[in-house]
Amino acid sequence: MKMHAIVLILILLMLILLSGNVNAIAYCSLRDPVAQIAELYPQKTNQLSIVKTVDDNIRSQVQIALPSNDLHFSELGRHTLYIAMFGKEILGYVHVRSEQSDWGLVEIVWAIDKDLRIRNFVFQRCRSPKKKIAQQSDFKAMFIGKNYQELKQQLSADGVTANESVLTHAQGAPELANVVLRCALKTLLLTEMLWGEELEKL
Amino acid sequence: MKPLAVILLVLFLSFVFSALSVPCYATFAQNLRWSIDGSARLNHNQALDNSSRIYALGIDTHKVFTNSTGDIGYGVGQLYWTKLSNHMPVPFLFSSKDDSDLIIREAHLNYTAGPNWLPNVRVGHFTLPFGLEESIDTNGRLLDYYLGKNLGTKLDWGVSLNKVISQIEYNLSYTLGGKDKAKSVDGSYAVTGRIGSLSHHDLVIGVSIFDGNIDNISRKRLALDWQYYWGTWGFLGELALGEDNKQSQGWQKEKYSLIELNKTSINNQLKLYSQFIIKDKEFQESTDKRINIGFSYQFTTQLELSMSGVKQINTPASGQKQQLASVQLRYRY
């Protein structure tokens, strides 16, 4: 009986404390996307990490900027933007974001140039059977070189799927095009909102 | 080593890292992650007809050290107050079934600023790089890959060389074999290493080695581990072959294998797994076979509920089959 009471009190305490945002996983399991950064910036000699917090306020701003969209709960908490360096020269930025899909979370490692345009991307995790299509240059070309505003024009009226133009060029992988587009938009938006000021100082 | 001494050591090493980063791009608070991590675990051991609890409350930290040209390295520090309540058998870190103590889980620094062709260097108390545990962290979770039971300890004090290169990642460590003590005890040591394909791919294959002496038992292991993911399904396995030398018994061959089938919901909140574990010792009458079924459900970023049930299939010499049910609530703030 005593044990039941303790467990109950713990549950209640935890429910009351449901606020704030931290990583659900222990920090010893954090891994930098070292291989992906090297693939995106083969000439880089080092990387510079800047850690910022994605909180409920940021989440609300994303919902306002991109109606009908939300951040997955794993996207809240402390997140890292990597600056790819060649000596003291900045090559560009790397930002990893997750997007929910029919095949579980898709994790994309984005290379972003200094003007906050998509430079390239690779998958950290993608269990879609059509992943290989999304790794081809024709598919990537729909997103590479575009900034937030240009990508936003690729959204259809519902705010979550890509427009007809993108879908017809998606080479039979329209669901993946939707996921990649939403992820790109949130990535550029969050990069500007959270890291923009700091990046300007570099 | 006393917890206070360890904390001072980690603080000292952190200071050294910070000093290395002068002119300091970031103050100590920048690039710092920290969480208060609390959990309550209830176990029922059918064989012993015993219910027990384990409470843990601690701080989990991760800090990236940088200078103007990039990252120098990172540190992880995890210090937990842990309380047992009627827990049997008593874990080695405790003196009685109702004991409590400050426990250091991971406390290490990894220097990553060397040239691309040089490995990173990790110093401190870390999880031994072996098998599935190297890419799937189970610290503080009910999910387990039995690293401690297989090698004699899960974490140890020492140094490791590690790196992720284009298609391969490796980690090779030399540790003192003192487990929670940062020293060699009666000649203890452990050499552990794993080399594998990149752990974020859908198919991951790794080979691990272990040669050590911990608690006066010499162990040698050679292991193969694999992970294959298809959609939201995962098929994992580990096969370790080797031998143990207890002083009184001489060398005995050991075989350990684990197969896991898991399923994750598309929103990543629910994870289900089932494991089949076989452990065979040369002079043991019957092969130990167990099944383990469990799940974890992530209510929010902070709150996770997990349950697991382990059942022994074979009948051991004692005649009592192991049967353990566990439930854990974990909250990170």
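A residue counts as buried if 20 or more other C-beta atoms lie within 10 Å of its own. All views show a predicted model.

**View 1. Chain B, overall fold and burial.** By the buried criterion, 36% of the 333 residues of chain B qualify. Chain B has 2 helices and 16 strands. Its C-alpha trace spans about 65 × 45 × 45 Å along the principal axes. A compact globule with 333 residues would have a radius of gyration near 20 Å, and the 20 Å of chain B therefore agrees. Among contacts in chain B with a separation of 6 or more, 49% join residues 24 or more positions apart.

**View 2. The side of chain A that touches chain B.** Here 43 residues of chain A are in contact with 45 residues of chain B. Elements of chain A giving two or more residues to this side include α1 (2-16), α2 (34-40) and β5 (118-125). The largest share, 6 residues, comes from β1(A). By class, this side of chain A has 24 nonpolar, 14 polar and 5 charged residues.

**View 3. The largest nonpolar core.** This core has 51 residues. A:V94, A:W110, A:V180, A:L181 and A:A184 touch the most other members. Contributors of two or more residues include α2, β3, β4 and α8 (174-201) of chain A. The largest share, 13 residues, comes from α8(A).

**View 4. Surroundings of A:V94.** Leaving out residues up to four places away in sequence, A:V94 touches A:I37, A:L40, A:Y82, A:A84, A:V109, A:W110 and A:A111.

**View 5. A second, separate core.** This core has 16 residues. Among them are B:L132, B:Y145, B:F210 and B:A223.

Definitions and conventions:
Residues numbered from 1 in each chain as written. Chains lettered and ligands numbered in written order. Predicted model: local features only at pLDDT ≥ 70, side-chain atom pairs only at ≥ 80, totals over all residues. Contact = placed C-beta atoms within 7 Å. Helix = DSSP H or I, 4+ residues; strand = E, 2+ residues; numbered from the N terminus. Nonpolar A, V, L, I, M, F, W, Y, C, P; charged D, E, K, R; others polar. Rg over C-alpha atoms; globule rule 2.2 N^0.38 Å. Buried ≥ 20, exposed ≤ 12 C-beta atoms within 10 Å, placed from the backbone. Core = buried A, V, L, I, M, F, W, Y, C linked by C-beta atoms within 7 Å.
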